[in-house]
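Thanks for coming. I will go through a few local features of one model, starting with helices and then moving to aromatic rings.

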Amino acid sequence: MHALPRRTPSLLLRHFVADEAAALRTLSTEASTSRWLPSHVDPTIEDAVSRLAYLVSCYVDPGDPVKGPYVLAVEHRDTGRLLGHLGFSPVDDEVEVSYSIAEAARGRGYGVETLVHGCAWLAETFAVPQIIAITASANAASRRVLERAAFVLEHEGAMIFQGREEIVSRYRWRASEARGLDAGHDIVVRDATPADLPALCAVRDARAQHEGKLAEAGTGSSRFLVATIGGEIIAFASVFLLNPALGPAKSHIPKLSDCWVAAAFRSRGVGRALVSAGERIAREFGCERLYVGIDPVANPRWLEFFRRRGYEPLQPEPYRKLERWVTAAGVSEEVVAWRVELVIELGRRAEASGPD
């Protein structure tokens, strides 16, 4: 039975049983499923009974998602209600994941919770180190869920998807980079607010700097983002979409700036979640590329992270730069630091592993 059911904070991931055909058909005929996953729609109850019988048989033969479909039921732990499915299937020597959550249960993090725990279960049970996911690029909600569940965008382009030609986004999940995410909470990235100031200072003691970022974001030139786990702020970053209204101009726009992850939460996908959010924000703002500046001497792992993600350096060698920093006491200081600027064409292959 492959260590099932898998209990998560809110859900139960388990095998389907034959008498759930009617409930499965109800979910399959929801409007969003018809729009984004038409191949999953069961027109009649007979179709649902036949499809479910086949899926249940696959638990035994072949009983392996590398060889055939392996589809789990997603059940709400408290109510016992069937909320959706999580499916794994072989595609060109890889394993692809698909999922769906009932429309009435969306907006509560169940999609992310399903993917985080389901992918961890698959990796542990079948020794699958990587999983791909393909979704229509226009399906912004699905893309957000994938990115919050530690899937990294690899490619965007046209292909036959769900029986028609679509512009699709292809993502990849790596077990080595997602470790720790199934420990009970998922990573949430949101805009910072003035109420977050004490928590931001607990992550990095630089009150004046945080106040400046909040003020800049208030002008509309940037977004000041925080990453949280279980509601606790554990990282932050800024995305400058326009040149600063309150400070000196940036070398390039749009630019990802001042990424910082609390030491206890590094190598857990937090940096990746922040960067993915920044890339999505820039893309939705209409930007074709995104820049970032790294000190390769002080932060060699960040440099490796961005290079593996697909960022290319603008200079052949690092250079020295005079920069103005604000200390925790609010004192402005000039320091000389090493710098290399990198850029990514948004939508291109992005592979990430590193200090996040």
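Which residues of α8 are buried? They are Gln209, His210, Lys213, Leu214 and Glu216. Buried here means under 20% relative accessible area, exposed means over 50%, and partly exposed is in between, with a 1.4 Å probe and protein chains only. Seen down the axis of α8, those buried residues fall within an arc of 165°, so they line one face of the helix. The arc is taken from the directions from the helix axis to the C-beta atoms. As a reminder, an α-helix has 3.6 residues a turn, so residues three or four places apart point the same way.

Before going on, the housekeeping. This is a predicted model, where local features need pLDDT of at least 70 and side-chain atom pairs count only at pLDDT 80 or more, while totals for chains, interfaces and linings use all residues. Residues are numbered from 1 along each chain as its sequence is written, and side-chain values use heavy atoms, with hydrogens and water left out.

Back to α8, residues 207–219. Its 13 residues reach 19 Å from first C-alpha to last, close to the 18 Å expected; the expected span is 1.5 Å times one less than the number of residues. Helices are DSSP runs of H or I, at least four residues, and strands are runs of E, at least two, numbered from the N terminus. Gly220 follows α8 and has a positive phi, near 90°.

Now α4, residues 110–126. Its 17 residues should span 24 Å, and the end C-alpha atoms are 23 Å apart, which agrees. This helix is mostly covered, with 15 of its 17 residues buried.

Next, the rings. Rings of Phe, Tyr and Trp (its six-membered ring) pair if their centres lie within 6.5 Å; planes under 30 degrees apart count as stacked, over 60 as edge-to-face and the rest as tilted. By that rule there are 10 aromatic pairs. In one of them, the centres of Phe306 and Tyr311 are 5.0 Å apart and the planes are at 80°, so the pair is edge-to-face. Phe306 is buried at 1% relative accessible area, and Tyr311 is buried at 0%. Elsewhere, ring pairs link Tyr59, Tyr70, Phe88, Trp121 and Phe126 into a cluster.

Last, charges over rings, meaning NZ of Lys or CZ of Arg within 6 Å of the ring centre and within 35 degrees of the ring normal. Arg204 lies over the face of Trp260, 4.3 Å from the ring centre. Lys250 lies over the face of Phe240, at 4.6 Å.
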